[in-house]
Amino acid sequence: MKKIFSIIALVALTFAGCSKADVDTITATMEGTRTVSITLVGADDTATRTTLSNDSSLTWCEGDQIAYFIDKGTRQVATVNADGTFNISLDAEAHTVRVNYPVVTDPAYNNAQYYTYPNALSTTQTQPTLGVFEGKNLPFLGSVAVAAGEEPTSVKATYAIKSGAVMSFLIKCDNTQYLTETLTSLVLTADGKPTYTVILPNDKTIADAVGKKIYCVIEKGTYSNLLVTLNTTTASYRCSTDLATKNGGTIATGDHDSFSLKIDKSETVHRASAGLSIKVGTGELTDWNGTTEGAQAAGLTSGALLGTDAEPVVVKIVTGGVTTMTNA
């Protein structure tokens, strides 16, 4: 197992990429008399930029946003600089500033307080760019006490991962017949655990993914029978992992486990083929790929009346993995 970051020393950003929250910056409503510059750091006072592995790093990007809360006030949003700093306005009193990443885009939480603001790990995640970790999938929390005073000041807000461990899957495929298949999602399942789904860009193929990683964030815990399935518009490829062999199946907050997912060595659990399937009544579906022989094998002849009002014929048309069911 590759330990690439500690529990308390990770900024939940992107692996060599950026993650921008799609919300507008909200100007602080407090009457400000001094500017406070806040720098986000880990509990060991590490810098924001952290090397994770030979090919990955976590870093803020210009334009990234973070939610913050002054005492028991409602949510406000700040834009973080590349060095992990952002500025707010405070009066001369002492305050506690809490931070939350990522910013929740649901407007229902625009006026939420810190303790009611969502920060749970989502079981449905997105990876807009192959090979680039989406930071919004890994929530973190932080806080800082700002002493009373009237002069501008700088403080450090200590952050920690709320929950979650990263799993990455390096895509490999030597069989050229699979390379043109369009990606849809990657799904993780395990005994007694939630199903985690990573939505992939719908304009990319297996060929685009080869040599790149797909990332999924899961809750800490012990996992048995951990399976990963890569779905395309044509097929589903399922692989088991050697997680139990690597570390007894136990995943801690802040862990990062890496695996290789070799498409042509996986179990193909579904493959659609272009053609026509006809089901009469309660009989089994019989595939007919445009051949008279296939139709005759099902006891059907050209021009025959199929089904009744009580038992209609169901025609299953499969083209490139897209299935349409029609009652005839």
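Modeller: A pocket is an open set of grid points with protein on both sides within 12 Å along at least five of seven lines. The model discussed here is predicted.

Biologist: What is the volume of the largest pocket, and which residues lie closest to its centre?

Modeller: The volume of the largest pocket is about 300 Å³. Its lining has 17 residues, and P102, S122, T124, K136 and N137 are the closest to the centre.

Biologist: What makes a residue part of that lining, and which strand gives the most to it?

Modeller: A lining residue has an atom within 4 Å of a point. Strand 9 gives the most, with three residues; strand 8 (95-101) and strand 9 (124-126) are the elements that give two or more.

Biologist: Why is a set of residues called a nonpolar core?

Modeller: The term applies because buried residues of the listed kinds, Leu and Met among them, are joined through side-chain atoms within 4.5 Å. The largest such core has 38 residues, and those with the most contacts inside it include M167, L188 and I263. Strand 12 (165-172) and strand 15 (213-218) are among the elements that give two or more residues to this core. Apart from it lies another core, of 21 residues, including L90 and V146.

Biologist: How do you know that strand 12 and strand 15 pair?

Modeller: Pairing requires at least two bridges. Strand 12 and strand 15 have six bridges, in the antiparallel sense, and therefore they count as paired. Within this pair, V166 stands opposite V217 in strand 15.

Biologist: What makes strand 15 and strand 20 edge strands?

Modeller: In the open sheet, the order is 15-12-20; strand 15 and strand 20 each pair on one side only.

Conventions:
Residues are numbered from 1 along each chain as its sequence is written. This is a predicted model: local features need pLDDT of at least 70, side-chain atom pairs count only at pLDDT 80 or more; totals for chains, interfaces and linings use all residues. Side-chain values use heavy atoms; hydrogens and water are left out. Buried means under 20% relative accessible area, exposed over 50%, partly exposed in between (1.4 Å probe, protein chains only). Helices (H or I, at least four residues) and strands (E, at least two) are DSSP runs, numbered from the N terminus. On a 1 Å grid over the protein atoms alone, a cavity is a set of points where a 1.4 Å probe fits but cannot get out, and a pocket is an open set with protein on both sides within 12 Å along at least five of seven lines; lining residues have an atom within 4 Å of a point. Grid points are joined across faces, edges and corners, and a volume is the space filled by probe spheres set on the points.
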